[in-house]
Amino acid sequence: MESRVMLNENIYWIGKIDDRDVPFHRLTLTKGTTYNSYLLMAEKPTVIDTVDISFGREFIENLKSLIDLDRIEYIVINHTEPDHSGGLGALAARAKKAIIVCTEPAVNELKEMYKLHDRKFLVVKDGDTLDIGGKTLRFIETPYLHTEETMVTYCEEDKILFPCDIFSTHAANYKYFNDLAEEDITEDFITYYKLIMHPHRRYVREMIGKIKDLEIDMIAPSHGFIIRQDVNKFIEIYDEMSKNTDKDKKAVIVYSAMGGNTRKIAEILQQGFEESGINVEVMNIKKFSKEEVLEKIKEADAVLFGSSTRYGDMIGKLEDILKELKNMNLEGKVAAAFGSYGWSGEAIEVIQDYINTTTMKALNTSEIIKSTGMTDIHFPLRIRFSPKEEDIKKIKRAAIFTSELILAP
């Protein structure tokens with residue numbers, strides 16, 4: 001590790017360059033990557049993010065060459081994924097009085113991951129500030145970029161944005177800054193956006209809105225090059241690429257229900273699609289003919305099938321629809337199962353079995369975790385009895401995720 005790479009007065013890069021072929025999210029980063037961490041030598045010394053867990057010991061030794069670790073008063077964790085928070089356990093063990101700064105959803109994750117149950121945490125929310133003596137940090141929540149607990153940190157006096165994964169590149173480099181790079185980093189920047197951020201572009205839009213009024217002279221992300229030249233150009237790339245250019249995507253929600261619970265799920269899904277700019281139609285199977293439903297399925301980009309469970313099975317005539325699907329050419333469409341239940345919810349799983357026999361892309365939790373790392377998206381979508389507050393959030397997230405899939409170019 002390099003020990004003295006200065007971003008601005010009293011702000012140092014203290015990360016790790018990993019120039020191997022790096023395994024990452026079931027990919028191999030043939031250009032390697034960097035794990036960027038930063039030390040702000042203010043009156044109350046502060047570390048922003050750490051390095052991958054594999055390099056914790058090296059990280060500590062490098063940091064010790066710059067500062068007595070007992071002097072560190074704050075450790076800011078923008079994102080809990082171990083390639084950024086991995087050095088926290090080793091650092092917290094040596095910087096014993098340091099307060100850990102993060103969002104509320106991050107607290108329990110960090111406590112469990114690094115056995116920090118007895119440590120003091122400072123939970124911050126959108127717009128909160130922290131005076132570290134000569135420098136003021138402002139915190140902005142950016143949930144789902146790319147996990148729920150994520151935030152970015154802005155140093156007001158230095159006009160530096162520390163956005164963790166956002167605005168990153170995967171490239172091992174010993175130049176550190178984009179204006180010193182031997183080649184244009186734009187292609188690597190766009191590739192990173194497409195791989196990591198584009199599935200969450202609804203939240204990219206929200207993030208852009210939150211930072212648009214900040215004066216940003218430098219972006220110091222957690223992977224790859226620190227951007228200090230053409231800063232607005234790189235923000236505009238995210239802005240342009242996250243816009244929904246296709247306004248004609250359609251979803252259809254087909255359901256069969258006994259009471260009102262599965263209908264409520266369908267209506268919440270509808271809201272999530274509409275908020276994402278998707279044209280959506282909800283079809284109660286009792287009110288439409290089989291031919292009408294099949295025609296709507298042919299026209300749709302996403303199809304969600306739902307049923308209540310009665311005596312271990314679907315109700316109504318939904319199964320008649322599902323039996324037709326395997327004989328249809330439905331390539332390019334996304335499909336998912338949902339429903340409410342009171343005992344065990346077999347109908348939802350039977351729907352999933354039918355979807356799996358079609359040419360549609362069947363959404364399921366296992367594949368989503370493996371392809372995106374997101375653990376808060378659940379398919380089949382199973383809701384016990386009437387949707388509660390936490391269920392409503394889960395249902396909307398499912399609709400938003402599905403919307404992003406069909407909007408992806």
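## Helix α5

Within α5, the buried residues are Thr-186, Asp-188, Phe-189, Tyr-192, Tyr-193, Ile-196 and Met-197. Viewed along the axis of α5, these buried residues lie within an arc of 160°, and they therefore line one face of the helix. The model considered here is a predicted one.

Exposed residues occur on the other side of α5, namely Glu-187 and Lys-194. The buried residues of α5 are covered by elements including β4 (22–24), α6 (201–211) and α7 (231–241). Helix α5 itself comprises 12 residues, 186–197. From its first C-alpha to its last, α5 reaches 15 Å, close to the 16 Å expected at 1.5 Å a residue.

## The annotated domain

An unreviewed UniProt entry carries the annotation "domain: Flavodoxin-like" for residues 251–406. In the predicted model, the chain over residues 251–406 is 45% helix and 21% strand.

Strand β22 spans residues 381–384 and has one covered face and one uncovered face. Leu-381 and Ile-383 belong to the covered face, whereas Arg-382 and Arg-384 belong to the uncovered one. In a regular strand, side chains alternate between the two faces of the sheet.

Strand β20, residues 334–341, runs parallel to β22, and four bridges join the two strands. Tyr-341 stands opposite Arg-384 of β22, and Arg-384 is one of the residues on the uncovered face of β22.

How values were computed
Residues numbered from 1 in each chain as written. Predicted model: local features only at pLDDT ≥ 70, side-chain atom pairs only at ≥ 80, totals over all residues. Heavy atoms only, no water. UniProt positions renumbered as here; feature names shortened; annotations may be inferred. Buried < 20%, exposed > 50% of the residue type's maximum accessible area, 1.4 Å probe, protein only. Pairing = 2+ DSSP bridges. Expected span 1.5 Å × (residues − 1). Arc of directions from axis to C-beta. Contact = heavy atoms within 4.5 Å.
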